[in-house]
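Thanks for coming, everyone. Let me put the model on the screen, and then we'll go through a few local features.

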Amino acid sequence: ERGHGPYQPHEPGYGLYQPGHSPYDDQIPDPKSRTLAIQNAKAYLLKSSTTSGLNLYDHLANMLTKILDEQPTNAVDIIENISKDVKWAHFQKKMDTLRDEHEILPTFEAAEKRKALFLKANGEGDEELEEEIGETPLPNVMETAFYFEQAGIGLSKDESYHIFLALKKLISVQPIQTCRFWGKILGLEMNYIIAEVQYHEGEEEEETEEEAVTEEGGKWVGEVEDEEEEKEKEDEPPKSTYKPPPVIPKEENGTGANKYVYFVCNEPGKPWVKLPPVTPAQIVCARKIKKFFTGRLDAPVVSFPPFPGNEANYLRAQIARISAGTQISPIGFYQFAEEEDEEEEVEGGRDTYEENPDFQPLSVAEMVDSLSAWVHNIQSILKQGRCVWLNPLQKTEEEEENEEEEKAEEPDELPQELQQEIGPPLLTPLSEDEGIQNIPAWTAQPSTNLIPQYAVAVLQSNRWPGAYAFASGKKFDNIYFGWGHKYSPENHTPALPPPVQAEYPSGPEITETRDPTVEEELAFKAAREEALATAEEEEDEEGAEEDEEEDD
């Protein structure tokens, strides 16, 4: 008779469904062996993974617990997903607080930093709104960004608006007469957002006086110390007669390369930092090196030739160079003031101008076709590092009186006459700018050729990549977005160190005596012994003669 199972008695699965029958009865009949096999199987399941540290026994137990607790529909179809969920739960942070700790997103952190830009200052009301709009030095950054956006130049609208608010905050703190968004210089770690400002008249005189007193005071203290040391040390070794070249003084604030004051910050919302005035030595050295900015003003500038200052001074020098070469305006927008006495002009040329009330703007086609329609409105920097040449050999009356006494003791040294440097005058057309090999100095083009009626004239500097200018009617502006480096057709080659100093000429008075050989030493000893023996014999003979004379 056939049993109740699907298998016949002669088949291996026969009796599988019979009550009290186990498939392992024939293989492990002994209960002790069966217990040992179960323990070995459990030990195998409890073996931890070398990758995740989990074991299969706990994983299966957690899966079954999850299935029995949730009782999902068609659990066998989603068994793989359940396994992934159980594994994922081991790597999630277990909260031991009453509330979950949410991660702080970077966008939230950035919003917290810029939160202060959107808060109104105390006492700022709607009554002062009309006065602020009429007399504020705050530039319309969004309008400038709109015109540059026509040519695909500029920052995002959010960042432009944040810079707009940051400039407003700067104006509310500093006594500023004019303000302009100069641009953005990129850095390896952080960037620099730069504001170009001018103080009200008389606001910066105190700082200038303090700087001058500090410099003069430092020199005066040094001179007094030198005099005291000379009195204390009368017998001193001879001093070097080398005289270093005279230090070229920096231009006064409000003139030349220091005409404007610059504030920088890394991000809108961070505090503005005022950059120090630039010196001619810093500009001259900045022309010889090429360094990327880090974004930290106190970072040292490691270079050859060594730069006299830190990154704040190097940034200020690069800003002066970029401004002198790329700040332009449409021709006729500015004009020189009518002077009754033309003889009173400065030696280096005129350095001031005023806005022309009768200015008639040129069309966009005329602004694009000819570079003569644009002029430089910032003085160029000479090789000396100043905008106005200064003779370093020209001395004041006090210095001449002090030198008359020194000349009586020392021979006269005729100084070499320096040739005065003359740069291009202010408001020089761009057509006179020198190109870079076969590349013109500027590239002019309209913002669009599809709708020329509403196009904007855009100029791009090829000498300073990242410097742009636009003109539309009576509106124009300049901006810079770049790394702060000048274009060079060839790779940058650092200056070579100076040649090694020559050795002192060798002569018999400084030549070291050579060591004698063994034969020479033996010969010298033999000669010395003979001389000593001869001297002793002579002394003995003299003594014998004296004894004979006494006996007589």
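N74 sits in the loop between helix 2 and helix 3. Helices here are DSSP runs of H or I with at least four residues, strands are runs of E with at least two, and both are numbered from the N terminus. N74 is not a glycine, yet its phi is positive, about 55°. Most residues other than glycine have a negative phi, and most peptide bonds are trans.

Some ground rules. This is a predicted model: local features need pLDDT of at least 70, side-chain atom pairs count only at pLDDT 80 or more, and totals for chains, interfaces and linings use all residues. Residues are numbered from 1 along each chain as its sequence is written, and side-chain values use heavy atoms, with hydrogens and water left out.

Helix 2 covers residues 56-70, helix 3 covers residues 79-90, and they pack at about 110° with axes 10 Å apart. Axes are lines fitted to C-alpha atoms over the stretch in contact, and angles run from 0 to 180 degrees between N-to-C directions. Helix 2 and helix 3 are therefore roughly perpendicular, a label for 65 to 115 degrees. Who touches whom? From helix 2, H59, N62, M63, K66 and I67 meet a set in helix 3 that includes I79, I82 and V86. Contact means heavy atoms within 4.5 Å.

Q437 lies in the loop between helix 12 (397-409) and strand 9 (442-446). The F304 to P305 peptide bond is cis, with omega near 0°. P305 is in the loop between helix 9 (280-286) and helix 10.

A cavity is a set of points, on a 1 Å grid over the protein atoms alone, where a 1.4 Å probe fits but cannot get out; lining residues have an atom within 4 Å of a point. Grid points are joined across faces, edges and corners, and volume is the space filled by probe spheres set on the points. How many cavities of 30 Å³ or more are there? Three, in the whole structure. Of its 15 lining residues, the closest to the centre are G256, A257, Y262, S323 and I378. Helix 10 (residues 311-326) gives the most to that lining, five residues.

Strand 12 gives the most to its lining, with three residues. W182, W442 and Y468 are among the residues lining the second largest cavity.

Technical notes
1 Å grid on protein atoms, 1.4 Å probe; cavity = no way out; pocket = protein on both sides within 12 Å on 5 of 7 lines; lining within 4 Å. Parallel < 35°, antiparallel > 145°, perpendicular 65-115°, else oblique.
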